[in-house]
Amino acid sequence: NAEYGEEPSWERQTMSTSASNAALVESARDFVKAEDRAVLEGALLDEARAGPFIDVLADTLRSANPEKVSVTVRIIMELNQPEHLVRLLARLLHGESASAAFKGNRNLQNLLVLSALKINHPNLMTFVMLSANLDFCDVGEVLANASYIDEAVLCFTRAGNHAKCIELLVNANQMAKARSHAITFNPLLALLDRLANNGPSPAVNK
């Protein structure tokens, strides 16, 4: 009973959460400092702890050197934890406090998109949209082969390969999108389409 000095339940919960967060921060710092695989593996195998730990780890890595990020990514890949890899990279590259040191890293952007593809992540398109330095043609081919046509078209559009975009859309029987894409990115086709819809301009009497 709070009347007799016991903390209200929400206060006990807040205190417990704060203590838990402090433990996560300490654990993440220990891992980054020592690169102890056992610390990371133990955290990822604990379902209740894994997600929050990855968030704290990403925040810790923002101020670390690139080699620390490489080691972390390699260990997560060796542990075959693509869901946690996506969570880490998404927070590191595109989170609210994304690290300027890593935000434009092409290899990490490629890895994020391809890992998200592997697990059919619902934010795959968002990751493609946010990644300015992807190897667009190579990643686009992988996405197309996996039948992620819209994502592949976005990659090839950003690479300036509009013929490939139209080819993909036609092969996917998305004829309206193929026509729209052709008109949008080809000024001559846009003019012909406008003439076909509106007819020639009226002659001007001299």
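Biologist: Which element has the highest mean pLDDT, and which the lowest?

Modeller: This is a predicted model, in which local features need pLDDT of at least 70 and side-chain atom pairs count only at pLDDT 80 or more, while totals for chains, interfaces and linings use all residues. Residues are numbered from 1 along each chain as its sequence is written, and side-chain values use heavy atoms, with hydrogens and water left out. pLDDT is the predictor's confidence in each residue, from 0 to 100. Among the elements of the protein chain, the highest mean, 98, belongs to helix 9, and the lowest, 64, to helix 13 (residues 187-198).

Biologist: How many helices and strands does the protein chain have?

Modeller: Helices (H or I, at least four residues) and strands (E, at least two) are DSSP runs, numbered from the N terminus. Along the sequence, the pattern is α-α-α-α-α-α-α-α-α-α-α-α-α. The count is 13 helices and 0 strands.

Biologist: What percentage of the 206 residues counts as buried?

Modeller: Buried means under 20% relative accessible area, exposed over 50%, and partly exposed in between (1.4 Å probe, protein chains only). By that rule, the buried share of the protein chain is 37%.
The share of buried residues asked for is 37%.

Biologist: Which residues does Val73 contact, leaving aside neighbours within four places in sequence?

Modeller: Val73 is among the residues with the most contacts inside the largest core. Its partners are Leu85, Leu88, Leu89, Leu108 and Leu111.

Biologist: Which residue caps the N-terminal end of helix 7?

Modeller: Helix 7 (residues 106-118) has 13 residues and reaches 18 Å from its first C-alpha to its last. Its buried residues, including Leu108 and Leu111, pack against helix 4 (66-78), helix 5, helix 6 (100-103), helix 8 and helix 9. At the N-terminal end, a side-chain oxygen lies 3.1 Å from the backbone nitrogen of Asn107, and the capping residue is Asn105.

Biologist: Which residue with a positive phi follows helix 10?

Modeller: Helix 10 (residues 149-159) has buried residues, among them Ile149, Glu151 and Phe156. Their cover includes helix 8 (124-130), helix 9 (136-145), helix 11 (162-171) and helix 12 (175-185). After helix 10, with phi near 80°, comes Gly160.

Biologist: Why does Asn173 count as exposed?

Modeller: Asn173 is in the loop between helix 11 and helix 12. Its phi is positive, near 60°, although Asn173 is a residue other than glycine. Asn173 counts as exposed because its relative accessibility is 62%.

Biologist: Is Glu35 exposed or partly exposed?

Modeller: Glu35 sits in the loop between helix 1 (9-34) and helix 2. It has a positive phi of about 55° and is not a glycine. With 32% relative accessibility, Glu35 is partly exposed.

Terms used: A nonpolar core is a set of buried Ala, Val, Leu, Ile, Met, Phe, Trp, Tyr and Cys residues joined through side-chain atoms within 4.5 Å. Contact means heavy atoms within 4.5 Å. The expected span of a helix is 1.5 Å times one less than its number of residues. A polar contact is a pair of N or O atoms within 3.5 Å; within protein, one must be able to donate a hydrogen and the other to accept it, and residues adjacent in sequence count only if both atoms are side-chain atoms.
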